[in-house]
Amino acid sequence: MGKGDKKRGQSDLVTREYTIHLHKLLHGQTFKKRAPRAIREVKKFATKAMFTKDVRVDTKLNKALWATGVRNVPKRIRVRLSRKRNDDEEAEEKLYTLVEHVPVASFKELETKVVEDMGDDE
């Protein structure tokens with residue numbers, strides 16, 4: 001009945017677009033570990049934003065992060081986080097987060113945006 005009775009954001013399926021500032025997350029990181037660390041930081045960001053432990057990175061996002069090599073990761077990246085239902089019966093989590101790359105021309109004046117469902121659910 002109280003304010004925090006409902007689990008925060010777990011019940012609904014939602015899709016949002018975020019800009020992740022990778023430059024500050026990878027500051028001081030050894031060159032040969034930058035791209036793998038960027039993948040881990042994106043997963044950590046998605047876990048914190050969508051409250052799911054199961055985070056899946058799309059292959060296009062992986063290619064976008066690795067496009068300029070292990071050392072030269074993009075400073076910022078625009079991602080679409082989609083919380084979806086897990087079809088696997090044995091899964092511990094009922095929901096998972098799919099992280100997809102959103103190509104943009106410029107990062108100027110972009111904010112977090114809720115995306116209406118496009119009907120691509122399984």
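**From a pair of strands to the whole sheet**

In this predicted model, strands E3 and E4 are paired in the antiparallel sense, and seven bridges join them. Strands of a sheet pair through backbone hydrogen bonds, and the pairing may be either parallel or antiparallel. To find one place where these two strands face each other, look for Lys 84, which stands opposite Tyr 96 in E4.

This pair belongs to an open sheet of five strands, arranged in the order E2-E4-E3-E1-E5, and the pairing within the sheet is mixed. At the edges stand strand E2, made of residues 55-57, and strand E5, made of residues 113-115; each has a single partner strand, so one side of each is left without a neighbour in the sheet. If the directions of the strands are ignored, neighbouring strands of this sheet are turned by 30° against each other on average.

Is E4 itself enclosed by the rest of the structure or left open? Strand E4 is largely enclosed, because five of its seven residues are buried.

With the sheet in view, the chain as a whole can be described. The protein has three helices and five strands, and along the sequence these follow the pattern β-α-α-β-α-β-β-β. Of the 122 residues in the protein, 33% are buried. When contacts between residues at least 6 apart in sequence are considered, 72% of them join residues at least 24 apart. The accessible surface of the protein comes to about 8700 Å², and 49% of this surface belongs to carbon and sulfur atoms.

Ser 82 lies in strand E3, which spans residues 76-85. Is Ser 82 buried or exposed? Ser 82 counts as buried because its relative accessibility is 4%, and the cut-off for this class is under 20%. Not counting residues up to four places away in sequence, Ser 82 touches Val 14, Thr 15, Met 50, Tyr 96, Thr 97, Leu 98 and Glu 100.

Finally, consider the charged side chains, among which a search of the whole structure finds seven salt bridges. One of them is formed by Glu 17 and Arg 78, whose closest N and O atoms are 3.7 Å apart. This pair links distant parts of the chain, since Glu 17 is in strand E1 (residues 15-21) and Arg 78 is in strand E3, 61 residues apart. Both Glu 17 and Arg 78 are buried. The side chain of Glu 17 also meets that of Arg 80 in a salt bridge, at 2.7 Å from N to O. Here too distant parts of the chain are linked, with Arg 80 in strand E3 and Glu 17 in strand E1, 63 residues apart. Arg 80, like Glu 17, is buried. Together with Lys 113, the residues Glu 17, Arg 78 and Arg 80 are linked in a network of salt bridges.

Another salt bridge is formed by Asp 54 and Arg 56, with the closest N and O atoms 3.0 Å apart. Asp 54 counts as partly exposed because its relative accessibility is 23%, and Arg 56, at 33% relative accessibility, counts as partly exposed as well.

Definitions and conventions. Residues are numbered from 1 along each chain as its sequence is written. This is a predicted model: local features need pLDDT of at least 70, side-chain atom pairs count only at pLDDT 80 or more; totals for chains, interfaces and linings use all residues. Side-chain values use heavy atoms; hydrogens and water are left out. Helices (H or I, at least four residues) and strands (E, at least two) are DSSP runs, numbered from the N terminus. Buried means under 20% relative accessible area, exposed over 50%, partly exposed in between (1.4 Å probe, protein chains only). Contact means heavy atoms within 4.5 Å. Accessible areas come from the Shrake-Rupley method with a 1.4 Å probe; for residues, only the protein chains shown count as cover. A salt bridge is a side-chain nitrogen of Lys or Arg within 4 Å of a carboxyl oxygen of Asp or Glu. Two strands pair if DSSP finds at least two bridges between them. Axes are lines fitted to C-alpha atoms, for helices over the stretch in contact, and angles run from 0 to 180 degrees between N-to-C directions.
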